[in-house]
Structure formats: C-alpha cells, structure tokens
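Dear colleague,

Here is the structure for your files. Notes on what was found in it follow below.

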Amino acid sequence: MPQPAPTSTTDALPPPTERFTLLGWVYKNLLTPWYNLLLTVVSLWLVYVLLKGTVVWALSARWEVIPANIRILMVGSYPAEFMWRVWAVIWLLAVVVGFSWGVWVRSRERVAWVLMAVPVVLAAISSGTARLTWALTLVLALASWWLGRRFRERKGGLWATLMWVLYFPTFVLLVRGWGLPEEPAWKYTTAVQLAVIVASLLAAAWAPRVSWVAVGHAAVLVAGLLIPGWRGALLWAAVVGFAVWYVARRYAHLQGLKRLAMQVGLAYIPLLIFIFFAYEPLSRTWMSKVASAHWGGLLLNILIAVFGIMFSFPLGVAFALGRRSSLPVVRLFSILYIEFVRGVPFITILFMAQVMFPILLPPEMSIDRVVRAIMGVIMFAAAYMAENVRGGLQAIPKGQYEAAAAVGLNATQTMLLIILPQALRNVIPVLVGQFIGLLKDTTLVTIVGLLDILGVAQSVLSNPSWIGTQREVYLFVALLFWVLSYGMSYASRRLEQALGVGQR
Amino acid sequence: MAEQEQSQATLNKQYQPTARKQSHARYDQEPIIIAEDVHKWYGHFHALKGINMKVWPGEVIVIFGPSGSGKSTFIRCINRLEEHQKGRIVVDGVELTHDVRNIEKIRREVGMVFQQFNLFPHLTVLENITLAPIHVRKWPKEKAEKIAMELLERVGIPDQAHKYPGQLSGGQQQRVAIARALAMQPKIMLFDEPTSALDPEMIKEVLDVMIELAQSGMTMLVVTHEMGFARAVADRMFFFDQGQVVESGTPEEIFTAPKEERTKQFLAQILH
C-alpha cells in the first residue's frame, strides 16, 4: 500500500510579502475602479474649494498685528525693564528640561530634535534681541543635556528631581520679585525661619532624643507668640521645622542623609550672607516686586495652569483615597466635597474664589487675586481628578492588597509603592486630558478681571490701528494653545510608552 | 490490596519525588502555630467550625479537601488576611488579635504564596523580591539585592532578574512569588494552592522548589491537591470538609488506612 509522503519537517518559510509603494496604494485605493476615481476627483475639488478661501486669505492677511503686539500677548503689562526676568525663567526651564532629558531619556529620539527645533523656529520668526535670547535658550538646553548625560550614573535622577522641585519657587520668585520690606524685621524673619529648618535637618541627621528637639521647636513657637511682629514667621518656622525633622528622621538610616545635611548646612552660610546683604539693595533695583496685577498674557495662563495642575493632582489623589476610606468622617467629607464642586460650573468657582476668600479670612491677610484664581482652579480640578483616580483604584485586583499585606507592608506603603503606581498608570490618558482642559480653561480668568492672553487679545482688537484683524489674532491664540495642548498630549503618550502601560 | 497497589501506582504516576523524604520536624520545641477552636463566619455562613491544630517548627503540613471546605480560609487566618471571630490563634508566641502591631510582627515571620501569584506587575522580578526587605526590614539595597539573587538561584531562574512578571511563564512567576516570600526570611511559609493555576508541565518545577524548601527545614503549611507532593514530604496531613478537620494523620495513615468515610470518598475521587 503506497503510504502518503510524510509531512516534511523543514524550517519555517517566510510569509509571502507584497511590496508596499505609495503609488501602488494610491492606484489601488483611489483610482480604480471608476467610482473610486470619481469620488477622488470630487473630494479633491471639495478640498480645493474649502481651502482656497482660507489659503488666499492667509497669504493676504495683516499678520503684522502679531509681532507688533507680541510682548503684551506673551506677558501682558509686565514692565519692560524687568523682561530679563521672564527670559531668565525660560532659560532656567531650558536648563532643567535639557538636564532631565540627558539623565532620563535613554535613546536618541526624533523628539529631541523636534524639541530643539522649537527655539530655532522661534529665533527665526523673531527679530533683534529676541533672536539672540532664543539662540541662548538653545545653547543652554544643549549644554545641560550634555551635562545630564554625564550625570546619568552619578545620581543624576536625584539632581534632576531636585532641580524641578527648586524650579517652581524660583519661577515665582523671579516673576514676582521681592519688594521693599513691609516690616523692618522682614529679612531677619526669613533668615531665622531658614535657620530653624536647617537646624531641624541637622538634628534629624544626627538624631538627638525626641524630647530635645520637641523642646527646641516648642521654644520657637512660644517665642513667636510672645515677640510682636514675629508671630506668623516663628509659628511657621516651628511647624515646618518639626515636620522636616520628623520626615528626615525616618530616612536617617540612609547613609546619604548625613552628608546631605552637612552640605545643606554649609550652603546655608552663603545664603545667609546673601539675605543679609543683598536682599534689600536688590529689592530696590533688579528684583523689585512686580505686582500681580501686571502679570498677564500667556505668562498668566501658564502660571495658573502649572500651579493648578501641580497642586490639584495630589489633592485629587487624596480625595480619591478619602472617598474609599473606611473612616466615616473622611469618607463623608470627601464625598461632599467632590459632589459639591462637580455640581458647580467652573466660572462660579472662580467668582466664589475671588469674592469669598477675602470674606472668610481675617482682614489683615489679603490674598493676591492671581493666587485666588489658582486656588479656585485647584479646588475645581481636584474634584474631577479624584473621580478619575478612584476609577483607576477600582481596577486594581484585591490580590495586590493581599500580597502586599502578606509580605509585611503597612497601609501607607501598600498605597504608595504598589497600588497608586498601578492605578495612576492606568488613568494617565484621563488625567492628561484633564490637564489639557485645565490649561484651556485658564482663559476664563478674563471674566474675573485678570488679563490673560485672551484678555490681551481683546484689548489689542479694540485698538483702532488694529481693527479688522480678529481672524489673525484669534487664529494665533488658537495656534498657541494647540501647540501647548498637543505637546502635553504627545508627552503623555511618550510617558505611557516609557512606563509600559498596557504591556506589563 | 489490589486497589491499594492501584492507588499507589497512580500516586507514583502522578508525581515522582526527586528525593527520599526526611522529616525535619523539631517536636522537642514548642509548637510554632497553635489554633484552638477557631470559628469564622462570613455573614451567616459558618466557614470554620472549630478548627484545632498544632504545628511544630520544621513540620510540613498538607491540608486537603473539597472546594469550599475552609482550607484557604483557615490558612489566611494564620496571617490575618481573614479575621477569625472565635477561638485563639497563636503564631510564634504572638497571639492574633485586633492589635495591628501584633499583626505586622506576625506578617514579617509568615510568608505566603498565592494561587494567582499576585506579583507586582509594575516592578521587575528583582524589585518584587527586594521591595519588602528594603521597606519593612530596612535593609540597604545592596544587601537586599544580594539575597534576592541568591534566592533566584535557589529557585532556578537567576537570569530573569530584570524582566517584568508579565514576561515570565506561570511556573516562573510562581517561583518568583516563592522567592519574594522567602526574601523576608520567614519562619513559616503558607502555600494556598500554589500549583492549581499552572499547566501540568510547570507544576513539577514549582513542586521541586517546594520540596527543596521542605528539606531545608522550613515550617510549611500547604493547601494543595498534589497528593504526590504530600506523600513525598508531608509530616502530617489534614483533611478538611465543610469547615471541620475530618481526619488528620501521617501520609502513610491517610493513604493506606483512612479512618473516616468522607476521607475515603474524597481520596477515591482524586486518586482515580
């Protein structure tokens, strides 16, 4: 009986491939059969008709309105003699971003070139000194990127994080400046506050007995209550100093803390000298205070958005955890807060912030209008963020909690090390969508009287020499926001890739 | 006798022990786990109806029985993943009560391996293992990583240290879970059906690790259906049914001469 030939066990063959060519695809999908060809022709004609008007207009529009008003669009009525401080903020950003890129981004990405192209493009379209400053931005970014790469193995991550943490207060300090002292003891209180904090850090590193440190902080507290004019400063110093000591002490077993404490203590001396000698003369010249009423334009939008995002994120996480808590008061408060804030329109919150905070606080404490707007933004965003994070938390299987408990982690450690990293990774798209919305919602502060970029745009349009240029101005503003939003969206996709979302 | 030979042959077929069993139980010491009259209710459902058990250091205890009989519930009560409502559980001299500090003390000395592995997916294998020693025992990172690599060698997968759990097979993941539990250097290891979620080819690699662990003198409480494993290393076996210990004894007693009818029925089912 003839047997069928046994199936040959040869090596696996590669699949048959069809070579992809653009012309081939166009021919196959757009030009044959005849109805596709007809549809292609009709679509092309439609596109031409729709775009023709736009393109013709774009070529003949009065684009000079933008360069003529670029300064007020970007920074509102910020005094021209202090513009260098805004540039300093941008340069510092270039340094911090470049350094972080060098430390954390492993491969040479196409995106790096796109990011480097931003200052190049901006230099090309600007003129005069602005061109030089953009070129300097690029140089700084590249230099710090090179530096960051050198630090990759030498705790570069720690330095980069420290730079980011220090960047935001520096940002505020540069933009705001420090004015003439309201009270003669102002600079002394700052110095004393810093002294208390440094002392707490040193105490944590060399860990004296608890009673010692508590007595020290209590003494500062009492001194603050007794000495007139120092109450706020010393109260703050005692509380923050104790917190610093408590937190630092938990990490005292780590070897680096003692060295860090010594370094901070040593660095403090030049800072002290600076505060005593340079504070006042600088406050009258280079770093004099620019009142928040003069912060405007895109600077204001970005300021509100950045601080709004930074503070609403941890607050939102806190409320999400509070809503799932087993403690009834915490749970009730979280639910009430979230449902109340979510039920109210954003503009209402902004109005409430502007109007109600002055009523709620004692008359001698007045909060800056911009700060009130930021607090409104934080309140609003935190409620939505809380629900998004809660959704992410619900997706974590119970086995993760059990495994963490079985291996000895307490509740806080479980949350911080196991649950939140997984939950937050899952909701990155939702959170970033929230942040993008927040950035665009900052334009609503026009309604409460702050002059952001849209407010400036409207005032530009009411200028008689620029009548009729609405399309140019609004298109420019829209383009700006689109670039920023798309940048955030792109960054979030890269972040998801780096964290392996959906893969592990 | 014929059916005994048959069940013996089936046992041999089901699992070939790689070494002869040698007990490391230290009966001269105090029992390390004492469970006295433990009752647990889930709402109105009476899950554990008065469990009494004493486990001596170095013993390997195998708990078996039909599903829903309270086996997993009982061993989860040992490290307080479940709370018992009545009775006393004393682990390593510490009584399990509502006191959180006692619970944390016990959880450091009791390691657990789950049926569903429950590895932390966002951390590498090495980070999974070193997480608890660094944050709970406060070891420096170098010491924790050194011990972790030794454990990975012991369970046979040192080359997987920098992979993520999602990239490993089930057997490898369970071995990582065992290494993670061992990294805390516990005195007792609890196993909740460790091989029930594995393919047959991978069961052997995990059971080999567990046998080696038993032979190194670890006190183990294992809930399993792997009777071959029980025969190889168990010191005593407990048969649970409907929340009660129906019968207990050495593997020889249980397999060759079970006293209770329910035990005989159950063994007949799983040793077909």
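By class, nine nonpolar, four polar and seven charged residues make up the lining of the second largest pocket. Nonpolar here covers Ala, Val, Leu, Ile, Met, Phe, Trp, Tyr, Cys and Pro, charged covers Asp, Glu, Lys and Arg, and the others, Gly among them, are polar. This is a predicted model, in which local features need pLDDT of at least 70 and side-chain atom pairs pLDDT 80 or more, while totals for chains, interfaces and linings use all residues. Residues are numbered from 1 along each chain as written, chains are lettered from A and ligands numbered from 1 in the order written, and side-chain values use heavy atoms, without hydrogens and water.

The second largest pocket holds about 650 Å³ of space. Of its 20 lining residues, Tyr401(A), Ala405(A), Ala411(A), Thr414(A) and Arg107(B) are the closest to its centre. A pocket is an open set of points on a 1 Å grid over the protein atoms alone, where a 1.4 Å probe fits, with protein on both sides within 12 Å along at least five of seven lines; lining residues have an atom within 4 Å of a point. α17(A) gives the most to this lining, five residues.

Ala411(A) belongs to helix α18 of chain A; helices are DSSP runs (H or I, at least four residues) numbered from the N terminus. Ala411(A) counts as exposed because its relative accessible area is 63% (exposed is over 50%, buried under 20%, partly exposed in between, with a 1.4 Å probe and protein chains only). Between the C-alpha atoms of Ala411(A) and Ser465(A) there are 64 Å, at 54 residues apart in sequence.

Regards

Key:
Points joined across faces, edges and corners; volume = space filled by probe spheres on them. Helix = DSSP H or I, 4+ residues; strand = E, 2+ residues; numbered from the N terminus.
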